[in-house]
Amino acid sequence: MRLFYDFFDGTYKPLRTFIPYVGFGIGYADTTTDMHLTDAYGNLSDDNSLLQFGTIYEGDPYQLINFYQSKYSNANVAGLLAAGFSYGLTETMFVDFGARMTYIPNVKWMLSNEDNSNHHDWLRINGLMYLNMTLGLRFEF
């Protein structure tokens, strides 16, 4: 759910005027991470606990691990903050420029074995925030 508030006086938005807005939201974020790694330098072949998550090619003098493709989905409650401005072209059409910051509490990348029955944490990010800028055309009725 997202809520936006345009700052203007009156009932109708003025034309050819910059109208600032703010917004916030809360919602559900289902993040899916997909990895297919190769131990290109042989740094991980000494860790025996990782051998169940990939294969070493026979005859490879460097013992490089080619990891199985791993997918992991994680459900989170996410938050959004937004700010920007719109510019009225007609009574119902506006050019919109905005910035939105999204917060996702937890994103994980996991290694999986061949049948996807065992997992190993590879990377975990707590408190992922990202910013995106938008330029668009908004229609209001």
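**Exercise 1. Charge layout**

Task: How far apart are the mean positions of the positive and negative charges of the protein?

Solution: 
- Take the 8 positive and 15 negative charges of the protein.
- Their mean positions lie 16 Å apart.
- Keep in mind that this is a predicted model.

**Exercise 2. Overall shape**

Task: What radius of gyration does the protein have, and what would a compact globule of 141 residues have?

Solution: 
- For a compact globule of 141 residues, expect a value near 14 Å.
- The protein has 24 Å instead.
- Now check the box. Along the principal axes, the C-alpha atoms fill roughly 75 × 25 × 20 Å.
- The accessible area is about 9,500 Å², and carbon and sulfur atoms hold 58% of it.
- As for burial, 30% of the 141 residues count as buried.

**Exercise 3. Fold content**

Task: How many helices and strands does the protein have, and in which order do the elements run?

Solution: 
- Count the elements: zero helices and seven strands.
- Read from the N terminus: β-β-β-β-β-β-β.
- Look at contacts between residues at least 6 apart in sequence. Of these, 63% join residues at least 24 apart.

**Exercise 4. Ser70**

Task: Is Ser70 buried or exposed?

Solution: 
- Locate Ser70 in strand β5, residues 70-88.
- Apply the cut-off: buried means under 20% relative accessible area.
- Ser70 has 1% relative accessibility, so Ser70 counts as buried.
- List the neighbours, leaving out residues up to four places away in sequence. Ser70 touches Thr33, Asp34, Met35, Met110, Leu111 and Ser112.
- Examine Ser112. Its backbone nitrogen lies 2.8 Å from a polar side-chain atom of Ser70.

Conventions. Residues are numbered from 1 along each chain as its sequence is written. This is a predicted model: local features need pLDDT of at least 70, side-chain atom pairs count only at pLDDT 80 or more; totals for chains, interfaces and linings use all residues. Side-chain values use heavy atoms; hydrogens and water are left out. Helices (H or I, at least four residues) and strands (E, at least two) are DSSP runs, numbered from the N terminus. Buried means under 20% relative accessible area, exposed over 50%, partly exposed in between (1.4 Å probe, protein chains only). A polar contact is a pair of N or O atoms within 3.5 Å; within protein, one must be able to donate a hydrogen and the other to accept it, and residues adjacent in sequence count only if both atoms are side-chain atoms. Contact means heavy atoms within 4.5 Å. The radius of gyration is taken over C-alpha atoms; the globule rule is 2.2 Å times the number of residues to the power 0.38. Accessible areas come from the Shrake-Rupley method with a 1.4 Å probe; for residues, only the protein chains shown count as cover. Lys and Arg count as positive and Asp and Glu as negative; His and the chain ends are not counted. The place of a charge is taken as NZ of Lys, CZ of Arg, CG of Asp or CD of Glu.
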